[in-house]
Amino acid sequence: MLRSPFTWIGTAGSAALIWYWLGGVAPILQRDVIFLAGAMLPLAASTLLATNEATLRRRRTAETLTTVPRGESEPLWGIQSGVAGPVAVAIALQTIGMFYLLSGGPIGWIDWWELAVGLVMVGVFGLGGVLLGSHFRHSILASVALVGIAFAQLIASPDAQVFSPEPGPTASVEWLAPWMVPSNFESVEGLISRPSEIHLIYLLLLGGLLASLSTRAPGRGKRLVKLSSAGVFSVAVVAISINMAGELLTRFDWQAAAESQVCEIHNGVEYCAFNLYERWIQRWQQTVEAVDAIIPVALSRVVQRPSNTQIDEPGALEELGLIVSTTEWDRGAALPSQEFNLALLAAHSSVGLPLTKQTGEWTEAEIEAMLEDNPDYPGDLRSQLESEPGSPRFCSAFGQARAVVAVWLAATALERGEAALASQLADAPPTRHIFWIPIDATNGTTPTLIEGVDAQLALQLLGLPATNVIDLLNDRWVEVIDPTTTSAELAGWFGLTRMSGPDVGAQTDEPCP
Amino acid sequence: MTLLRRLIPAVPWVPWLPVSAGIGGLAWAMRGLQPDFASRQLYLRGGLLLAALALSFAFDDPAAETTDSTPSPLRLRRSVRLLISLLPWATLVAVVVSAGAKNMDPVILLSAPLNPEELPVGRLLLEAATMASWGLAAASVLASRWDDEPGRIASGALLIGYAAAWMIPEQWKPWANPADPRWQTALTWWWVALGVGVLVTVAFSWDSRQRGPLRSFLRRRGSQSAQGADARDTREPGEVDVAHR
């Protein structure tokens, strides 16, 4: 199997996937081990193609093989044992991956059950290829089976919402997929509730069943035993699926975790992290202090809160201080995208922009826009929106000079800040000139909206000597932090060119005070 | 007509059976989906991929050793095989697209701006043709070099290529939704990919003795320059070329 081009291509695909998923992030072991196992999917798929091809080749040379004095099933056993080759490659890839993770200052612990899934998956796929080849004479079935598995994998994804209208884990089916995809709505802590052991045992039994069904047993009795084993296996799978859902829907207790956060005070700023992320406090501190060294920050607390999970009372969010809502951080040598986001939030405090969302009601412009978007809404949408209590809202810093300064400050404070800013600008939709800060606006705690045209000005500002910029900003500091000073005026001070973009007056979001 | 009559039973029909079943399953699964392209695109594209996988077996010719010596050239035999195989392919593509277009407005124009309830049928057909051409290109390359039954490797190669295309960095990825800013850029990529697929298929489906139009052209150029060299030979009559003895 090792000599098959399919195996080489699959190995390259798995290596690429490892790099894609784990290349630039600071390792959190129990999450990254799952992705390391999932990265074996290309190798597993190519192993299925390779074993299927080998089995079909055996059938094409059946006349030659019958002259060799050996049992009918022996060549199949040879191919089945050949699956050990790709499994060995998977072991090598995962070992390299683990070394990479361990060398990146990891937090968390290794879940060996999850890690073993990658290897077992390669074996099961290989045995599946042999089964298809031994019972069907055409290789199209291998390709169709792979497309089917890919769809099964997608449908069993906890976020697919095929079997449940609610977002979140629908564990009754996700464990039946070759790889259990982690939910985007589930935190790293929530991964503990995955049925890792059951999934691995299921895959091992499935592999054994595929291996036994591939060979033709002499005698009706043995054949009957095999078929009944397959039947018992299927019934067991269905029974476990039905009984598993309720157990797995228990979620991580964020309230309790928030109450037992680890807090440290450094240079007058209190940093609070969940237990798992305790070692990241030092990284946050370094980032905040890098901004503080250029223009002082006005911060007393940096608090970690999970995204999309409300564990604070309404209105309490504003009192928390700077909120770190991501459970990702950048690997040492990678582009500092998470670090840039944190630096930008710290820079918000330097220039007087809000650090958290502010409680507010719908503006007239927003209500009008929503009425226009929902003409068929059943009921009186306007009165419903007007009567809604205030909720946490982001504000728009579009066209404000201090927004440009905040972006510039964050990029200047970091060693590769300019590259991080350029990368975030490149990722923003070019046609709309919209640039959300932080770029992951879906995390629920984004306090401000900064437009791409203003971020472009910050990028231009980075081209000027930092000392000249700081001197001029200090001279005009009162104007800089004034919300009425426009980014166009700031561009005039430094002789920058403001790109054409959407009209400031056309914005519907509440301007930042 | 004789060639057509003889080739109809010789074209591999088995691949179409599981592929038809798979496409039927996808069409059934699409019934419960929201009538918007974003929800249905994976199913649509999966169905088109399955059809292309089956088409990549079109050049499988176990009797190639015998038929190679017949007066009908390879390109003619391949063309007839392709025409025969395009019939089930087109049927399955039509099934996929019509299942996907249920409760949606089909739009044939390739670069038209689309509303969420409109299905870019023209773009899907372009994608289907491109995938099919790449499967055929892989099969024709394999058939000309190594194998009389290239479909099994070509289908695997198409599958791997397809999976690899999803791993391309976002800014170059050929897959796009109408809402993406890359929707127009992706169109260019699909046209280029289709052109490459068709060119490779044609180039490697020429008669094996001529080794494709490119090689025959080069060979003609080579023989012309050899003749030119003979004409410029300034040796005296009777002088012997020692190197060629």
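A:Asn267 is found in the loop between β1 (262-266) and β2 (269-273) of chain A, helices and strands being DSSP runs numbered from the N terminus, with at least four residues in state H or I for a helix and at least two in state E for a strand. This is a predicted model, in which local features need pLDDT of at least 70 and side-chain atom pairs count only at pLDDT 80 or more, while totals for chains, interfaces and linings use all residues. Residues are numbered from 1 along each chain as its sequence is written, chains are lettered from A and ligands numbered from 1 in the order in which they are written, and side-chain values use heavy atoms, with hydrogens and water left out.

**Positive phi in loops**

- Most residues other than glycine have a negative phi.
- A:Asn267, although not a glycine, has a positive phi of about 50°, and this residue is exposed with a relative accessible area of 66% (buried means under 20%, exposed over 50%, and partly exposed in between, with a 1.4 Å probe and protein chains only).
- B:Asn103, in the loop between α5 (74-100) and β1 (105-107) of chain B, has a positive phi near 65° and counts as exposed at 62% relative accessibility.

**Helix packing within chain A**

- Helices α7 (residues 112-135) and α10 (residues 196-214) of chain A pack at an angle of about 20° with their axes 8 Å apart, and are therefore roughly parallel to each other (a term for angles under 35 degrees).
- Residues in contact (heavy atoms within 4.5 Å) include A:Trp113, A:Val120 and A:Leu127 of α7(A) and A:Leu200, A:Leu203 and A:Leu210 of α10(A).
- By class, this contact of α7(A) with α10(A) has 15 nonpolar, seven polar and two charged residues.

- Helix α8 (residues 140-155) of chain A packs against helix α7 (residues 151-166) of chain B at an angle of about 20°, with their axes 9 Å apart, which makes α8(A) roughly parallel to α7(B).
- The contact is made by A:Ser143, A:Leu146 and A:Val147 on the side of α8(A), and by B:Ser155, B:Gly156 and B:Leu159 on that of α7(B).

**Chain B as a whole**

- The secondary structure of chain B comes to nine helices and two strands, running α-α-α-α-α-β-β-α-α-α-α from the N terminus on.
- Of the 245 residues of chain B, 43% count as buried.
- Among contacts in chain B with a separation of 6 or more, 72% are between residues 24 or more positions apart.

Technical notes: Axes fitted to C-alpha atoms, helices over the stretch in contact; angles between N-to-C directions. Parallel < 35°, antiparallel > 145°, perpendicular 65-115°, else oblique. Nonpolar A, V, L, I, M, F, W, Y, C, P; charged D, E, K, R; others polar.
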